[in-house]
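User: Hi! Could you walk me through some charged side chains in this model?
Analyst: Happy to, let's have a look together.

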Amino acid sequence: MSVILTLLAALIATGACAYHRSSLRTWAIATVIATVVVGLIAGAPWTTFILVVIELAIAVPLLMDGFRRKQISAPLLKIFAKVTPKLSETEQTALEAGTVGFEGELFSGKPDWHELLKQPKPELSVEEQAYLDGPVEELCGMIDDWQITHELADLPPDVWAFIKKHKFFGMIIPKQYGGLGFSALAHSAVLQKLATMSATVASTVAVPNSLGPAELLLHYGSDEQKNHYLPRLAIGEEIPCFALTGPYAGSDATSITDFGVVCKQVVDGVETLGMKLTFDKRYITLAPIATVVGLAFRLYDPEKLLGDKEDLGITLALLPRSTPGLEIGRRHFPLNVPFQNGPLHGKDVFVPMSVLIGGPHMAGHGWRMLVECLSVGRAISLPSNATGGVRAAVAATGAYARMRKQFGLSIARFEGVEEALARIGGLTYATAALSRATAAAVDRGEKPAVPSAIAKYHATEWGRTIAGDALDVHGGKGVQLGPKNYAGRAWQGVPIAITVEGANIMTRSLMIFGQGAIRCHPYVLKEMQALSIPDYGDRLKAFDRALFGHIGFGISNAVRSLTLGLTGSRIGDTAGDAYVRRYYRKLNRYSAALALCADVFMGVLGGKLKFKEKLSARLGDVLSYLYIASAMLKRYEDTGRPEADRPLLAWAFHECMWRIQTALDGAIRNFPVRPVSWLLRALVFPWGRREVPPSDRLGRRVAAIITAPGEARDRLTEWTYLTPTANNTIGRMNALLPDVIAAEPVERKFGKAQKAGQFKSHDYVGQLVEAMQAGVINTAEFELLKRVREGVFEFISVDDFDPSELRAAVTRADLKKKLADAA
């Protein structure tokens, strides 16, 4: 027994040091002292002596820097150099382009929650709020989405003029160039509000403020280019597009086949240094109406007119629409969401070197320019549009479910509908927190490469889920297109967001964990960077520091994962109020589990992990849900810890934890080295899988929140256009919702009399009159029921059309005949 106690003391001391990430020196001292004290008290001197000798035999060589480097790190450095895949120039650029924010803490296995909570609360300025309440509100009031999507397949002229006049295309352009100079949060808020009325309008406004000429010029343009283009872009005098995607290179921008060749050509009698460009682009938003085209291509210099390199690499240029040889094709038609989108082409288009963004010295720097700007655009545009869509779904579906009756009951009371409403409410809470967090990161000066990928993927995927649930609740009302239908076009347009700015399959399986594992890990990138240090002594020192830091990091995460798993996440550092402390502790556990699994997967599989996309995707899911849950907790703190929001937070948090568990289980279960898989399962799930999805009871509380007016619902529908104008059915529904709820007890009273056979009339209004005459209801109640009945009828009604209204104005046969006649 004394031997066991001595061994146990040594293990506990070692585990405690690993859990708290103590230094190697502290570990050695603490372990030796614990062994000696417990061993002598327990009466096991020989066991104590042997254990101390073993502990010192391990600790002393490791504490001798010179010996450790020469005998341990040097051989490992050689092995590491052989097995580590060399980063390509494009991969290196991508890794260096972004910054690491709180996602790095989540990857550490021991997040510092005070770092999260001390971040400033994201808030709109007075000017930004006035813009949201003024021009944005006015623009929403002008939007008729049926006119845009069905009748015109375009924005009407007055909407185009309003957008340009009020500088909607200039939100990111500084005031010195005539733009609005808004924060990322304001940019996000504007897009969210517009998206509640029209995906077409929101997309049209998003593109010039996302990855495009304005942002590229701001970061890399010459003074001449900035002074010329930015004032024109701000007021819509110039309409920009950016041509990146081609038939043979979609998400893989580094493989574009479009090219330019540096050459000289006589222009207006003057020999001019320039390029001949050949390109074929598609899916280019705003291309059909663009007046200036940003173009990505690979530039070659066979005559070495610019330097000693022939292949200069990816390069970016800005071409006026009037450029001879630039052909802008006809329009694409993306799933009945007719934002301007189309192809453009060119063959041997000669342009001077001055069209290069930033000038000739920026030739070949296009990839860096793209990845540095893309993370910012991806963090705002699509997540914001998706968030606006899901906020509108809360307002519309919550109100509709409360007022729509079946079998004499509001359908919101049916458990099947309630389940869908809970998903809508809970996922909207998570999506709104996520989009706010990424906008705040941009406003803090970060270039959030990993969070932007998380936001783009999950906001659009949850947008797809919520759009489907909303359509299910609306039933036939949702599938009959027409001016009265506010859900159908949103559902149709969801796959567009899933596809653009990096298809979601690729984003999940390659980008989130692929970038996060190297960018966010505290040691992997340092180990890889050490290999490129020219001096061997410096290289060995850097590698040694990173290697042994990494080893300690891995041991610590194994101990933390096991300890927090065994204790059910009931210990550890935490933050927040009494309600959410358990949430922070649960995130501590899964942060350690993620860090442990990532280390083991990378250590065992090495470069092969890059090709194990399903494993990478699952680990990316874990990182994503950790980030999203953190964003929700930050939002809870920023809004003053409102008790009314707790069901929403709880539902979304438990959903995230359930998905984290599922992702970790899938990754461990499918890990190809079975003994390693068994060990990981013991460390990560010592008591098995204990997380459960949100309960039915919790879902009922969430459904109740979104089907009745209240402060929690108001926060959930923030930045939603709810003014009850003629063009805004959702706004009018929400205006009627208080009356619908007030009428419910009156309807029950009226229904009892109806079932008792007190009325002779067969029509509803006639029965109401009889009920009032009989004293069943009073005059005010009569007016209330009549008003609610008329209002609800409007909202449950659907459109019908004369067949001629649905026929295309120009058929393909007409077009073929016209082309044949012209030929």
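Analyst: Let's start with E461, which counts as buried at 17% relative accessibility (buried means under 20% relative accessible area, exposed over 50%, partly exposed in between, with a 1.4 Å probe and protein chains only). This is a predicted model, where local features need pLDDT of at least 70 and side-chain atom pairs count only at pLDDT 80 or more, while totals for chains, interfaces and linings use all residues. Residues are numbered from 1 along each chain as its sequence is written, and side-chain values use heavy atoms, leaving out hydrogens and water.

User: Which residue forms a salt bridge with E461?
Analyst: That is R464, with the closest N and O atoms 2.9 Å apart. A salt bridge here is a side-chain nitrogen of Lys or Arg within 4 Å of a carboxyl oxygen of Asp or Glu. R464 is partly exposed, at 39%.

User: How far apart are E461 and R464 in helix α17?
Analyst: They are three residues apart in helix α17 (residues 449-474), so about one helical turn separates them. Helices are DSSP runs (H or I, at least four residues), numbered from the N terminus.

User: Switching topic, how many salt bridges are there by this rule?
Analyst: The count comes to 34. One of them pairs E415 with R700 at 3.9 Å, N to O. E415 is in helix α16 (residues 415-443) and R700 in helix α27 (residues 696-706), so this pair ties together parts 285 residues apart in sequence.

User: Is E415 buried or exposed?
Analyst: Exposed, with a relative accessible area of 57%, whereas R700 is partly exposed at 38%.

Note on methods: Helix = DSSP H or I, 4+ residues; strand = E, 2+ residues; numbered from the N terminus.
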